[in-house]
Amino acid sequence: LWLGVHHLVRGAGERLRSIVVTAASGLNGDVHERIASSGVPAGPDFVAQVSYLRRVQASNGLETEVYTLIPGPGGTRFILRTDSRHPFGEAYEMRSEMKPVFERGETVVTGFYGDRHGSWISAYAPVFNSKGNVVALLEADYRMGPVLVTIAKEVLLFAGIALLGLAATIRLVRRVARDLA
């Protein structure tokens, strides 16, 4: 069972890695840098970049939003988001797994983790400008809560079947022992 969960988490992480690496290469880092520095979530460049991320989200069947983050005071700030209900520039924590992306341009897949919004597996990829500098981090996530519920149901089903098998075995052993006596 543990191997199954480990395989599930690893597979989800690798799929997310592929999505963010491919998607990050399609973002224009110079345009992203201008949008972030302008502080204005509007204009044709902003609309085009967000539309691109929405296509990435839809074509990959992601139920959670896809977004970019930049380093900011005390953490990070959201710049591009597929869910427009959240404010431009909203603050977010700097997770330790994000630092290699910002500092060295690495792609990172988190393990399973939980925060105040739920249980997740995330992948982060750098967004580069034309000079080769990391100007943002692109993130995509899988919400793991529903997966954990499914795993719990399967464990309970397996345990129930095992208990029924044990009860049948005990009954059979008693019957055979009685017949032999």
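Arg17 is partly exposed, with a relative accessible area of 28%; here buried means under 20% relative accessible area, exposed over 50% and partly exposed in between, for a 1.4 Å probe with protein chains only. Accessible areas come from the Shrake-Rupley method with a 1.4 Å probe, and for residues only the protein chains shown count as cover. The model is a predicted one, in which local features need pLDDT of at least 70 and side-chain atom pairs count only at pLDDT 80 or more, while totals for chains, interfaces and linings use all residues. Residues are numbered from 1 along each chain as its sequence is written, and side-chain values use heavy atoms, with hydrogens and water left out.

The side chain of Arg17 meets that of Glu14 in a salt bridge, at 3.5 Å from N to O. A salt bridge is defined as a side-chain nitrogen of Lys or Arg within 4 Å of a carboxyl oxygen of Asp or Glu. Glu14 is likewise partly exposed, at 38% relative accessibility. Both Arg17 and Glu14 belong to helix 1 (residues 2-25), where they are 3 residues apart, about one turn of the helix. Helices (H or I, at least four residues) and strands (E, at least two) are DSSP runs, numbered from the N terminus.

The protein chain has 5 helices and 7 strands, and their order along the sequence is α-α-α-β-β-β-α-β-β-β-β-α. Of its 181 residues, 38% count as buried. The number of salt bridges comes to 8.

A second salt bridge to be described pairs Glu65 with Arg81, with the closest N and O atoms 2.9 Å apart. This pair links distant parts of the chain: Glu65 lies in the loop between helix 3 (44-59) and strand 1 (67-72), and Arg81 lies in strand 2, 16 residues apart. Glu65 and Arg81 are both buried, with Arg81 at 9% relative accessibility. Arg81 also forms a salt bridge with Glu90, for which the closest N and O atoms are 2.6 Å apart. Glu90, by contrast, counts as partly exposed at 29% relative accessibility. Through salt bridges that share partners, Glu65, Arg81 and Glu90 are joined into one network.

Strand 7 gives the most, with 3 residues. The volume of the largest pocket is about 400 Å³. On a 1 Å grid over the protein atoms alone, a pocket is an open set of points where a 1.4 Å probe fits, with protein on both sides within 12 Å along at least five of seven lines, and lining residues have an atom within 4 Å of a point. Grid points are joined across faces, edges and corners, and a volume is the space filled by probe spheres set on the points. By class, the lining has 6 nonpolar, 3 polar and 9 charged residues, where Ala, Val, Leu, Ile, Met, Phe, Trp, Tyr, Cys and Pro count as nonpolar, Asp, Glu, Lys and Arg as charged, and the others, Gly among them, as polar.

On the surface, Leu163, Leu166 and Ile170 form a nonpolar patch with about 290 Å² of accessible area together. Patches are made of residues with over 30% relative accessible area and no salt bridge; nonpolar side chains (Val, Leu, Ile, Met, Phe, Trp, Tyr) are joined within 5 Å, and like charges within 9 Å. Leu163 is found in helix 5 (residues 145-180) and is exposed, with a relative accessible area of 58%.

Two pairs of residues separated in sequence were also examined. Gly74, in the loop between strand 1 and strand 2, counts as exposed at 86% relative accessibility. Gly74 and Ala91 are 17 residues apart in sequence, and their C-alpha atoms are 8.3 Å apart in space. Val108 belongs to strand 4 (residues 108-109) and counts as buried at 14% relative accessibility. A C-alpha separation of 8.3 Å is found between Val108 and Ser122, which are 14 residues apart along the chain.
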